[in-house]
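Good morning, and thank you for coming.

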Amino acid sequence: MGRGRRTVTVHHVRAALRGAQQLGLDTVPLLQRARIPPLLLADDRARVSPEQFARLVRALHRVTRDEFLGLGTIRSRPGTFAMMCYASLGCPDLGTAVERGARFYRLFPGGPNLALERGASPGREAVFALRGGLGPHEGGLTAAEGHIVAEWLMLIWHRLAGWLIGRRIPLLWAQFAYPPPPYAEDYEPLFGCPPRFGAPRTAAGFDRRWLTAPVVQDEATLQTLLRYAPAGLLSRGEYGTTTVAEQVRHALTGALRTRGGPADGPRARRTARLPELPEVAARLAVSPATLRRRLSAEGTSFQRLKDAVRREEAVSSLAEGDEPIADLAVRLGFSEDTAFHRAFRRWTGTTPGAYRYETRSQQI
């Protein structure tokens with residue numbers, strides 16, 4: 001997973017570890033294997049890179065011998081997810097594949113109760129719902145951790161559905177049966193639509209026409225998916241550019257990847273910069289006022305998106321790359337190193353140098 005992907009909140013790291021803790025396992029070596037400094041878990045502001053989180057989930061799979069990471073009321077033995085995928089591959093279309101996958105998991109008492117609802121009368125929406133299983137207070141989880149697991153289940157099934165047909169499936173809506181969590185701003189990029197919290201149940205709607213799309217994957221492509229699944233599906237970056245906010249994020253992250261050519265010399269990376277609002281508005285063929293209004297309607301602002309992109313690029317670069325901190329500060333648009341240090345401490349509770357040192361010191 002390349003840089004510029006969304007970072008993962010410490011709340012997700014804590015939830016992922018809860019099952020191993022319930023089993024009496026020492027989680028410090030697992031964090032070290034994932035190159036996540038254990039001290040980060042004490043700060044609610046902390047974030048880790050998608051790569052770090054994927055490594056942690058894979059390590060947890062190995063030690064718990066449980067694809068639910070010890071978070072469910074039953075253990076899901078390694079290979080269960082793979083067999084569900086194999087069962088779905090033989091289906092003629094997505095609707096049949098999703099229904100077969102949901103039925104597969106309902107064979108296991110205490111497993112996730114997932115359902116595809118087509119509706120009793122003709123309509124344009126289908127609904128993917130989480131009816132129960134692995135919910136709040138199950139498997140020794142707190143309510144907040146149960147909410148995170150529900151989110152994971154929805155993410156994995158949505159992304160697996162898109163993989164089966166080789167297309168990204170836009171969600172029309174997504175709702176969650178719990179109050180907004182501290183990281184509520186992350187939901188829209190993850191699901192590709194504004195979320196609704198405090199709903200009667202956790203579910204997502206999409207156009208019914210996707211159910212007739214043919215399954216295009218085969219056993220060869222499944223082997224590639226299974227190398228990193230389900231962790232790879234869970235830690236995949238942002239969903240797409242279906243909202244104005246995501247179009248702005250896409251423009252900002254694209255600008256950060258800009259580099260000068262060989263002729264520009266060794267300091268060419270300093271030419272990359274974040275565009276200002278008028279530049280982004282011009283790219284999207286709208287006026288600055290219209291862009292501000294549309295972002296406000298989606299519950300965000302250009303400055304909030306800019307700060308989020310800076311934060312995620314900073315965390316990923318410090319955790320996974322070797323870019324000098326001074327160069328990173330300039331690339332992110334800070335006029336001086338001290339301003340970058342203040343911002344990074346505000347985002348994560350620590351300094352850039354300390355974060356990089358602690359992350360690298362976990363490599364074993």
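The crossing of helix 4 and helix 5 is right-handed; in a right-handed crossing the near helix is turned clockwise from the far one by less than a right angle, in a left-handed one anticlockwise. Helices here are DSSP runs of H or I with at least four residues, strands are runs of E with at least two, and both are numbered from the N terminus. This is a predicted model, in which local features need pLDDT of at least 70 and side-chain atom pairs pLDDT 80 or more, while totals for chains, interfaces and linings use all residues. Residues are numbered from 1 along each chain as its sequence is written, and side-chain values use heavy atoms, without hydrogens and water.

The axes of helix 4 and helix 5 (residues 94-106) lie 9 Å apart, at an angle of about 145°. These axes are lines fitted to C-alpha atoms over the stretch in contact, and angles run from 0 to 180 degrees between N-to-C directions. Helix 4 contributes Thr80, Phe81, Met83, Met84, Ala87 and Ser88 to the contact (heavy atoms within 4.5 Å). From helix 5 come Ala97, Arg100, Gly101, Phe104 and Tyr105.

How many residues of helix 4 are buried? Seven of the 10 in residues 80-89 are, where buried means under 20% relative accessible area with a 1.4 Å probe, counting protein chains only. Among them are Phe81, Met84 and Ser88.

Turning to the whole protein, there are 16 helices and seven strands. Of its 364 residues, 55% are buried.

How values were computed: Buried < 20%, exposed > 50% of the residue type's maximum accessible area, 1.4 Å probe, protein only.
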